[in-house]
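Morning, everyone. Please take a look at the model on the screen, and I'll walk you through it.

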Amino acid sequence: MKKKVCGTEEVLYRIGLAAALVAAAGCLLWQWAPEEVHDWCHRFSFCVIYRLTGYLCPGCGGTRALKALLQGHLWESFLYHPLVLYG
């Protein structure tokens, strides 16, 4: 019996496929989450720069852009952070 050796490309493909499935499941769960979950996420910011200064950092713009992109708001996502839409 020969052992099948997985190459690097096949391993990366499987990891990418698993990540895509997890991301898709997360998007579906976020869309169907109750409003209390959405409100909680808006009330508490985990950004240290925002907590200390009150100003949004580029990472915050990227997060808001990703959220808008996942909700299907392409133009809003582009306005928050153009590189997120490109990426």
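The protein has six helices and zero strands. Along the sequence, the pattern reads α-α-α-α-α-α. Helices (H or I, at least four residues) and strands (E, at least two) are DSSP runs, numbered from the N terminus.

Some ground rules. This is a predicted model: local features need pLDDT of at least 70, side-chain atom pairs count only at pLDDT 80 or more, and totals for chains, interfaces and linings use all residues. Residues are numbered from 1 along each chain as its sequence is written, and side-chain values use heavy atoms, with hydrogens and water left out.

How much of the protein is buried? Of its 87 residues, 11% count as buried. Buried means under 20% relative accessible area, exposed means over 50%, and partly exposed is in between (1.4 Å probe, protein chains only).

Let's start with helix H1. H1 covers residues 8-31. Which residue forms a salt bridge with Glu10? Arg14 does, and the closest N and O atoms are 2.7 Å apart. A salt bridge here is a side-chain nitrogen of Lys or Arg within 4 Å of a carboxyl oxygen of Asp or Glu. By that rule the count is one. Both Glu10 and Arg14 lie in H1, four residues apart, about one turn of the helix. Glu10 is partly exposed at 26% relative accessibility. Arg14 is partly exposed too, at 49%.

Now the surface. Val11, Leu12 and Ile15 form a nonpolar patch, with about 280 Å² of accessible area together. Patches take residues with over 30% relative accessible area and no salt bridge; like charges are joined within 9 Å, and nonpolar side chains (Val, Leu, Ile, Met, Phe, Trp, Tyr) within 5 Å. The areas come from the Shrake-Rupley method with a 1.4 Å probe; for residues, only the protein chains shown count as cover. Val11 lies in H1. Val11 is partly exposed, at 37% relative accessibility.

Further along H1 we find Cys27. Cys27 is partly exposed, at 26%. In sequence, Cys27 and Leu70 are 43 residues apart. In space, they are 6.9 Å apart, C-alpha to C-alpha.

Leu70 takes us to helix H4, residues 58-70. H4 has 13 residues and reaches 18 Å from its first C-alpha to its last. That is close to the expected 18 Å, where the expected span is 1.5 Å times one less than the number of residues. Which residues of H4 are buried? They are Cys60, Gly61, Gly62, Ala65 and Ala68. Just after H4, Gly72 takes a positive phi of about 90°.

Last stop: helix H5, residues 74-80. Ser77 lies in H5. Is Ser77 buried or exposed? Buried, with a relative accessible area of 0%. The Ser77 side chain reaches the backbone oxygen of Ala65 at 2.9 Å. Recall that Ala65 is one of the buried residues of H4.

Now the rings. A search of the whole structure finds one aromatic pair. Trp75 and Phe78 form it, stacked, 5.5 Å centre to centre with 25° between the planes. The rule: rings of Phe, Tyr and Trp (its six-membered ring) pair if their centres lie within 6.5 Å; planes under 30 degrees apart count as stacked, over 60 as edge-to-face and the rest as tilted. Trp75 and Phe78 are three residues apart in H5, so about one helical turn separates them. Trp75 is exposed, at 57% relative accessible area. Phe78 is partly exposed, at 33%.

How values were computed
Polar contact = N/O pair within 3.5 Å; in protein donor to acceptor, adjacent residues only side chain to side chain.
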